[in-house]
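Please read the following briefing alongside the sequence and the coordinates. It begins with the terms and then turns to the topics in groups.

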Amino acid sequence: MAIFTGRIEDAHYINEKYDTIEILFKSDDPEDNKLYKHIIEADPKSKDFQELQADGWGDKELLDATAEFKRQHAATFNNAVQQRANYIAREMIGLNNLRAERDRVLVEKERSHKEFKELEAQRDIVRSDIERHHGWLEEKRTEIKKSNKKIDEQLEELAYTRSDIERHHGWLEEKRTLIKKSDEKIDEQQEELAYTESKIKKTEFHVDNALLEIVMNHNEQGDELFKFKLWALEQEFVKSAPKEVKSKIRRVKRITQGIAILDDLIEPKE
Amino acid sequence: MAARSPLYYSGGEILTATNLDTVVDQVVRAYGQNPGVTLTVVSSGGDAKFEMTDTRYKAGAVSVGDGAYLPPGQTPDIEAIETIASNITETVASVSQPAASSNPRSFPVYYNSSNEIQAMTETDFIDTFIKPALDTIVADNSAGEYFVSTLSTITGATRVSATPIFVDTRADETLYDDVGITGETLDQPKTVNSYYLFQRDAGDTQYGETGWVDLMYIDTDGSLRVYSDSDISALFGDYVRYAASNAVGARLSYSINGAGTTKGTGMVDTVLDGTSAEGYTQGGISPSNYYYAQEFPNGEPTALTTYYLKLTTY
């Protein structure tokens with residue numbers, strides 16, 4: 001059983017090839033009065049087509065219903081055309097009224113235009129007066145503007161000079177501080193130098209004394225005296241000295257005595 | 001390999017079944033309870049084979065003449081708006097070969113050419129019961145099948161989704177009535193019809209109904225036994241689902257305007273058939289003396305394309 005079986009309201013072809021059928025049917029809900037569409041192929045092998053025919057919709061019924069459908073549709077279409085024509089006619093009537101209104105507005109516009117021209121002439125006179133005054137005002141305004149500009153420039157220059165002075169003042173202050181610091185450093189270095197010099201002197205003096213003290217403390221001591229004698233005899237100027245001088249050196253009792261002999265050898269007495 | 005005439009037990013006798021319609025109906029019912037091929041409605045991005053196009057016309061842009069109306073030739077034409085509906089996806093179940101295939105005695109018995117009782121092979125079983133059932137599903141209004149309708153509820157079927165699979169829209173000619181001095185809104189559609197996807201519910205069981213036969217099989221001890229309702233039901237259910245998605249020549253496939261049998265109503269894409277020039281309409285005149293005209297969709301509704309949901313085996 002097809003979905004439309006027993007509930008078909010209308011069925012007709014919907015295309016020029018007559019191969020498609022539109023079936024209008026009601027649903028199985030008794031409260032639903034809406035018509036539903038079911039489209040089928042006009043195919044004798046189709047189960048739906050067979051069901052349609054079994055429901056009393058043979059070829060003749062379908063063709064009759066199709067013709068009726070087209071007639072109704074054409075009527076609907078004609079009605080729509082008629083309505084459209086009425087609408088356009090109504091619009092045309094409205095259009096004539098609009099045209100009359102437009103002519104009236106044009107006359108009014110012409111009159112207004114004339115009044116407007118007169119007003120424009122008056123306005124031009126007033127405008128010329130204003131422009132004249134405006135020229136004088138403009139001149140004064142230009143002069144004031146120039147003065148203001150000059151004052152501005154001077155103020156700017158003054159401000160620049162002031163900032164320059166301030167800048168130089170700062171620079172001088174900076175240099176002054178640097179000099180002060182340099183002076184302090186020089187003082188410190190001089191002090192340090194004086195201290196170092198005194199230290200050097202003390203050290204030299206101490207060294208000189210030490211040598212003499214060593215000589216004097218060991219002047220007669222056997223070991224040191226013996227070492228002195230060995231040392232003296234090894235000296236080239238002693239080796240080349242006469243035998244008796246060497247002998248004298250061997251016999252000295254004190255280092256200072258030996259030094260005196262050596263001294264004679266270094267610088268012969270005149 | 002071919003369809004066999006199975007043996008059945010009735011009134012103390014073993015008889016050969018000559019009419020299996022009722023048994024096949026039971027297989028169809030089993031399919032309806034667990035279909036191997038299902039359709040789903042999606043809001044967009046459905047399978048390409050289900051795509052349909054809805055076409056409607058919109059008005060051309062308004063033309064403006066300085067001091068006079070521009071003629072139809074200089075007034076822009078009406079334009080077609082095409083909307084592609086891609087709202088259906090098909091899912092083929094991934095089904096393994098049923099366990100019964102590993103036991104030759106699982107299938108119903110018949111008399112072979114030597115007049116001996118023999119169990120059918122798996123192929124015999126499919127040819128005898130399953131393929132006829134799938135052919136029925138394709139050809140008739142059967143359990144588990146999908147079909148299209150303009151209704152929102154149908155007894156014995158379930159609407160898959162409230163989202164229509166196709167909506168036919170058309171220019172609403174009643175709204176195109178005033179060019180004025182601004183022009184009519186270009187696109188003014190109306191919905192002519194919405195088409196929904198339904199799935200037919202599984203029918204009543206056929207056990208014990210007129211025409212039902214108690215099929216028999218060979219037990220492990222070699223004796224003949226009548227299948228229990230649950231055993232034969234499971235055998236039918238497993239195989240009809242498996243065959244619908246795997247068996248060459250028995251697999252089911254839906255499409256739009258493809259091969260096979262139409263399922264439900266056709267879906268008509270209608271348009272107004274008037275030419276653009278026929279819809280030429282003069283409008284208002286502005287105070288600056290400009291004349292406005294426009295071309296509207298017009299004419300009678302006509303079927304541009306009709307889409308059918310088809311089901312076939314392959």
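Helices (H or I, at least four residues) and strands (E, at least two) are DSSP runs, numbered from the N terminus. This is a predicted model, in which local features need pLDDT of at least 70 and side-chain atom pairs count only at pLDDT 80 or more, while totals for chains, interfaces and linings use all residues. Residues are numbered from 1 along each chain as its sequence is written, chains are lettered from A in the order in which they are written, and side-chain values use heavy atoms, with hydrogens and water left out.

**Chain A overall**
- Chain A has six helices and three strands, and from the N terminus its elements follow the order β-β-β-α-α-α-α-α-α.
- Of its 270 residues, 18% count as buried, where buried means under 20% relative accessible area, exposed over 50%, and partly exposed in between (1.4 Å probe, protein chains only).
- Among the contacts in chain A with a separation of 6 or more, 43% are between residues 24 or more positions apart, a contact being heavy atoms within 4.5 Å.

**Glu191(A)**
- Glu191(A) lies in helix H2 (residues 59-217) of chain A, and it counts as exposed because its relative accessible area is 60%.

**Thr40(B)**
- Thr40(B) belongs to strand E3 (residues 37-41) of chain B, and its relative accessibility of 35% is why it counts as partly exposed.
- Apart from neighbours within four places in sequence, Thr40(B) is in contact with Asn87(B), Ile88(B) and Thr89(B).
- The C-alpha atoms of Thr40(B) and Ile88(B) are 5.6 Å apart, although the two residues are 48 residues apart along the chain.
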